[in-house]
Amino acid sequence: MLNCDTIIRNASVLDGSAAASEVLDVAIHDDRICAIGPSLECSASVVMDAEGLALTPGFIDVHTHDDTSVIRTPAMLPKLSQGVTTVIVGNCGISASPVELRGEPPDPMNLLGGVEDFRYPTFAAYVTAIGQVHPAVNVAALIGHTSLRNNHMDRLDRTATDAEVDAMRAQFKEALDGGALGLSSGLAYLSANAASTEEVLALAELLASHSAVYTTHMRTESDAILDAMQEAFEIGRMSQVPVIVSHLKCAGIANWGRSGEVLDALDTARALQQVGCDCYPYAAGSSTLDLRQVDERVRITITWSTPHPEMAGQSLAQIAAAWGVTQYEAAQRLRPAGAIYHSISEEDMRRILSHPATMIGSDGLPNDPLPHPRLWGTFPRVLGRYSREAKLFSLPEAIHKMTGMPARRFGLEERGLIREGYCADLVLFDPETILDTATFADPIRPAQGIAGVWVNGVLSYTSDGATQNRSGRFLPRGKTAWIQ
Ligand code: ZN
Ligand code: CU
């Protein structure tokens with residue numbers, strides 16, 4: 001008889017590969033899946049009857065800004081409560097390590113926290129901190145181009161000199177040797193916008209020999225988005241590495257309806273090189289308040305403001321009216337600030353979400369006092385609202401976008417699939433009721449329908465909430481990113 005700790009019986013198993021579900025038993029021993037099959041004979045001390053429930057690999061949130069929150073709030077409830085078992089941090093050019101600040105963190109590094117949160121001058125120091133705090137979810141990390149720039153440049157509104165590029169390369173190589181997944185850039189932000197393509201390439205060059213990836217918040221997501229995509233693809237081709245376009249969208253009212261041509265450009269590139277993207281399932285974005293995105297026709301909600309904290313939760317239009325100024329002037333007075341921009345068309349978002357190259361990434365902002373609801377709602381929303389109700393894609397496909405596909409693309413070994421010998425990151429949920437409940441008005445609400453979440457074999461969350469057993473680990477890059 002099989003020696004195991006937990007057996008989940010009669011679950012409708014979706015294994016993460018996009019294959020159809022099958023009713024099976026899954027057994028866990030220590031941190032691994034030790035057996036899968038019909039009617040397993042097993043000595044488990046914990047037996048769970050999962051009839052009618054779906055069992056899938058734990059969800060991988062490929063696009064997060066959880067760098068410092070995994071340490072400050074290791075219970076990680078916004079993610080664990082959705083069934084997320086691994087977060088990829090360090091996106092959009094901003095990572096918490098390796099970082100040495102000389103003053104306040106520049107925009108948008110301030111999304112990750114204040115000066116006190118940047119305590120990791122080396123990537124190794126960050127990895128050690130994860131190991132000490134034991135967050136509830138696994139953590140894998142990209143290195144941010146903007147963070148590297150800020151370490152070595154006196155100002156960020158110019159391209160780096162050769163000496164500065166050399167210093168960034170040395171620090172980046174050390175992080176790659178320490179298990180970082182790859183490079184992220186945030187070229188749209190003013191802290192990286194002046195960087196030349198060559199500056200990014202000088203860093204991306206180091207990726208191929210490490211089987212690492214390049215992810216990018218592109219130079220623009222509005223009018224010139226096709227040029228920005230070409231720049232991203234060129235960086236991938238020149239350095240021979242996979243490219244992942246972050247939170248792909250057509251931003252701004254003038255660009256609504258352009259998802260078809262954007263996805264055509266993605267497909268054209270996919271015929272030549274390894275390219276993918278991630279997407280969050282909402283028709284609104286969120287970041288720091290950017291004057292370039294102020295448009296009187298777009299509803300913009302202020303989520304925080306350093307000079308005017310009392311304005312959080314109000315729309316920019318309301319604030320401008322109360323102050324008797326234009327929205328642009330109000331935005332100037334509010335900065336530094338955070339905002340939600342209702343500047344994406346639902347139809348474009350649905351088309352991008354449905355594309356076979358699209359993974360799911362929340363882009364949630366955990367430090368925001370009034371966060372975009374994607375922080376708590378992304379994964380159940382994709383499953384409940386867009387797969388079950390809107391039928392944009394099947395449940396096996398939806399699960400694949402959040403498990404098997406990201407594990408393979410980012411090189412997370414022995415994760416993302418339900419296979420014998422793989423790490424026991426698992427989610428049990430009711431496919432008939434799973435749904436997000438977080439809204440723009442009431443964003444801090446756990447999803448419904450999640451029955452159990454195991455992280456490295458440890459039951460960490462049930463329908464009663466977190467179990468207090470935290471079992472996440474730092475996940476180093478594997479050897480095999482994006483083998484088809
Ligand atoms: Zn971004
Ligand atoms: Cu982001």
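Reply: Going along the sequence, the donor residues of the copper ion (ligand 2) follow the spacing H-x1-H-x26-C-x270-D. His63 is in the loop between strand 6 (59-61) and helix 1 (69-72), and Asp363 is in the loop between strand 16 (358-360) and helix 12 (374-389), so this pair ties together parts that are 300 residues apart in sequence. Helices (H or I, at least four residues) and strands (E, at least two) are DSSP runs, numbered from the N terminus.

Keep in mind that this is a predicted model, where local features need pLDDT of at least 70, side-chain atom pairs count only at pLDDT 80 or more, and totals for chains, interfaces and linings use all residues. Residues are numbered from 1 along each chain as its sequence is written, chains are lettered from A and ligands numbered from 1 in the order in which they are written, and side-chain values use heavy atoms, with hydrogens and water left out.

Now the atoms: the copper ion (ligand 2) has His63 (NE2), His65 (NE2), Cys92 (SG) and Asp363 (OD) as its protein donors, at 2.1 to 2.3 Å. Donors are N, O and S atoms within 2.8 Å of the metal (3.2 Å for Na, K and Ca); water is not among the atoms, so sites may look incomplete. The angles run from 83 to 167 degrees, which makes the arrangement irregular.

As for accessibility, His63 is buried at 0% relative accessible area, and Asp363 is buried at 5%. Buried means under 20%, exposed over 50%, partly exposed in between (1.4 Å probe, protein chains only).

How values were computed: Tetrahedral: all angles 85-135°; square planar, octahedral: opposite > 155°, others 65-115°.
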